[in-house]
Amino acid sequence: MNEPKKEWPWHIGGALLGLVVVFAFITGHPVGTSTTYERAAGHILEFFSPEYVAGTIHYFKAAPPVADWQVMFVIGLVISGLIARYLVVRNKGEDIPGMWAAGFGKNKTKRYLQTFAGGFLLVFGSRLAGGCTSGLFISGGSQLAIAALVFAGAMFASGIITAKLLYRGRDI
Amino acid sequence: MTEFIRTGIPAGILALGLVTGVAFGFVIFKSGASRYENILKMLLLKDFTILKFMMTAVMVASVGIFLFDSVIYIAPVQLVRLVAGGLIFGVGFALAGYCPGTVMVALGEGKRDAVYGVMGGILAAAVFAHLYPVLEKPLINPLNYGALTIGSLLGSNLIGLIVLLVVFGGATVVLQKIK
């Protein structure tokens with residue numbers, strides 16, 4: 001398993017996460033993640049067809065594919081995972097989550113396809129909504145934004161229904 | 001590196017982003033929020049640890065942002081995009097067991113499924129950008145109620161903050177009892 005032996009209790013972890021968010025705000029940047037996917041996509045498309053990115057899609061103009069605070073924040077997220085893996089848990093990683101394997105079997109391809117589809121819907125939904133868990137819910141909610149509550153309500157409603165349907169009849 | 005210079009964003013700001021990302025991601029890892037199991041148990045209503053963790057983070061951050069008067073940007077309540085986007089996001093949340101940020105932490109942790117989650121996400125960003133001109137009118141712009149906050153609705157940011165703390169704090173206590 002690829003997990004820390006002891007997870008921090010939710011109130012300690014939550015308080016620390018809140019303090020990191022405060023630090024981000026007082027140093028001038030709300031936390032957020034999903035715009036970076038757009039920049040990454042813009043970078044990749046730019047490599048193949050600069051004309052397509054520069055000319056036809058006004059959306060990439062609003063968020064030009066360049067490095068900024070949030071891109072570095074997301075790179076930091078990956079680095080934190082590397083630190084966790086090599087300095088804290090010291091293991092080889094994990095092919096598929098244990099709970100998923102217990103419910104659906106050990107077929108890696110099936111899990112990877114499901115995660116690919118999940119990742120697609122996560123980011124498509126985020127871009128449509130204008131943010132994800134970090135930007136809309138955590139940053140938004142911390143500024144008392146009503147948008148955060150609407151988004152959270154919708155995401156938990158469909159998330160709970162989907163999870164219940166996926167695990168229906170499976171004793172987990 | 002030339003790319004960074006071309007953007008004109010100071011190296012100090014980029015370093016700040018990196019440091020904040022490492023801290024944010026490490027707390028997510030240590031709290032178990034980058035684990036498929038913990039996300040799915042929350043969505044299956046069996047273990048609310050991650051929900052309590054998220055609400056605690058929002059409560060602490062809301063107090064800090066209020067005290068330092070550091071509100072930066074309030075997303076407008078565009079009802080159609082928030083509900084449609086949230087509903088699509090939720091399905092992806094349950095399928096992947098990650099969100100767009102935690103999947104990046106999981107990627108660093110060496111969880112192989114996270115690689116595919118990130119690839120799906122990048123594809124979605126490209127598809128969304130391509131469809132944006134078509135989606136803008138029916139799904140993004142309608143029912144825009146502006147940059148509402150709990151404070152603006154109640155006429156005072158302090159009262160808004162207190163309401164958020166009471167509601168989230170109360171919910172956390174109730175969830176703790178349910179387990």
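In the predicted model, Glu7(A) and Arg35(B) are joined by a salt bridge in which the closest N and O atoms lie 3.1 Å apart. In total, three salt bridges are found across the interface of chain A and chain B. Polar contacts across this interface were also counted, and 26 residue pairs, both at pLDDT 80 or more, meet the rule. On the side of chain A that touches chain B, the elements giving two or more residues are helices H1 (10-26), H2 (34-48), H4 (58-62), H5 (69-89), H6 (98-104), H7 (108-129), H8 (133-142) and H9 (146-166) of chain A. This side of chain A consists, by class, of 74 nonpolar, 31 polar and twelve charged residues.

The size of an interface is often given as the accessible area lost when the parts come together. For chain A and chain B, the buried area is about 10600 Å², of which 77% is on carbon and sulfur atoms. Of the area that chain A buries against chain B, 8% is supplied by Trp10(A), Leu128(A) and Leu144(A), more than by any other three residues. In terms of contacts, 117 residues of chain A meet 119 residues of chain B.

Chain B contains nine helices and zero strands, and its elements accordingly run α-α-α-α-α-α-α-α-α from the N terminus on. Along the principal axes, the C-alpha atoms of chain B fill a box of roughly 45 × 40 × 35 Å. Of the 179 residues in chain B, 53% are buried. Among contacts in chain B between residues at least 6 apart in sequence, those joining residues at least 24 apart account for 65%.

Chain B is divided into two parts, with domain 1 covering 1-73 + 149-179 and domain 2 covering 75-145. The centres of domain 1 of chain B and domain 2 of chain B, taken over C-alpha atoms, are separated by 18 Å. Contact between the two involves twelve residues of domain 1 of chain B and 13 residues of domain 2 of chain B. Together, domain 1 of chain B and domain 2 of chain B bury about 950 Å², with 69% of this area on carbon and sulfur atoms. Within domain 1 of chain B, the most area is lost to domain 2 of chain B by Ser34(B), Tyr36(B) and Tyr73(B), which together account for 43% of what that side buries.

Across the interface of domain 1 of chain B and domain 2 of chain B, zero salt bridges are found, while two residue pairs, both at pLDDT 80 or more, are in polar contact. Helix H2 (11-30) and helix H3 (36-43) of chain B each supply at least two residues of the side of domain 1 of chain B that touches domain 2 of chain B. The largest share of that side, five residues, comes from H3(B). By class, the side of domain 1 of chain B that touches domain 2 of chain B divides into nine nonpolar residues, two polar and one charged.

Individual positions were then examined. Pro76(B) is located in the loop between helix H4 (49-67) and helix H5 (79-96) of chain B. Its relative accessibility is 22%, so Pro76(B) counts as partly exposed. The C-alpha atoms of Pro76(B) and Asn144(B) are separated by 6.9 Å, although these residues are 68 apart along the chain. Not counting residues up to four places away in sequence, Pro76(B) touches Leu82(B), Asn144(B), Gly146(B) and Ala147(B), as well as Ala147(A).

In chain A, Ser34(A) lies in helix H2 and counts as buried because its relative accessibility is 3%. The side chains of Ser34(A) and Arg127(A) are joined by a polar contact of 2.9 Å. Apart from neighbours within four places in sequence, Ser34(A) is in contact with Gln70(A), Ser126(A), Arg127(A), Gly131(A) and Cys132(A).

Backbone geometry was considered next. Most residues other than glycine have a negative phi. Arg90(A), not a glycine, has a positive phi of about 50 degrees. This residue lies in the loop between H5 and H6 of chain A, and Arg90(A) is exposed, with a relative accessible area of 63%. A positive phi, of about 60 degrees, is also found at Leu45(B), which is not a glycine. Leu45(B) is placed in the loop between H3 and H4 of chain B, and at 41% relative accessibility Leu45(B) counts as partly exposed.

Key: Residues are numbered from 1 along each chain as its sequence is written. Chains are lettered from A and ligands numbered from 1 in the order in which they are written. This is a predicted model: local features need pLDDT of at least 70, side-chain atom pairs count only at pLDDT 80 or more; totals for chains, interfaces and linings use all residues. Side-chain values use heavy atoms; hydrogens and water are left out. Domain bounds come from an automatic or database domain assignment. Contact means heavy atoms within 4.5 Å. Buried area is the accessible area (1.4 Å probe) that two parts lose on being put together, summed over both. A salt bridge is a side-chain nitrogen of Lys or Arg within 4 Å of a carboxyl oxygen of Asp or Glu. A polar contact is a pair of N or O atoms within 3.5 Å; within protein, one must be able to donate a hydrogen and the other to accept it, and residues adjacent in sequence count only if both atoms are side-chain atoms. Helices (H or I, at least four residues) and strands (E, at least two) are DSSP runs, numbered from the N terminus. Ala, Val, Leu, Ile, Met, Phe, Trp, Tyr, Cys and Pro count as nonpolar, Asp, Glu, Lys and Arg as charged, and the others, Gly among them, as polar. Buried means under 20% relative accessible area, exposed over 50%, partly exposed in between (1.4 Å probe, protein chains only).
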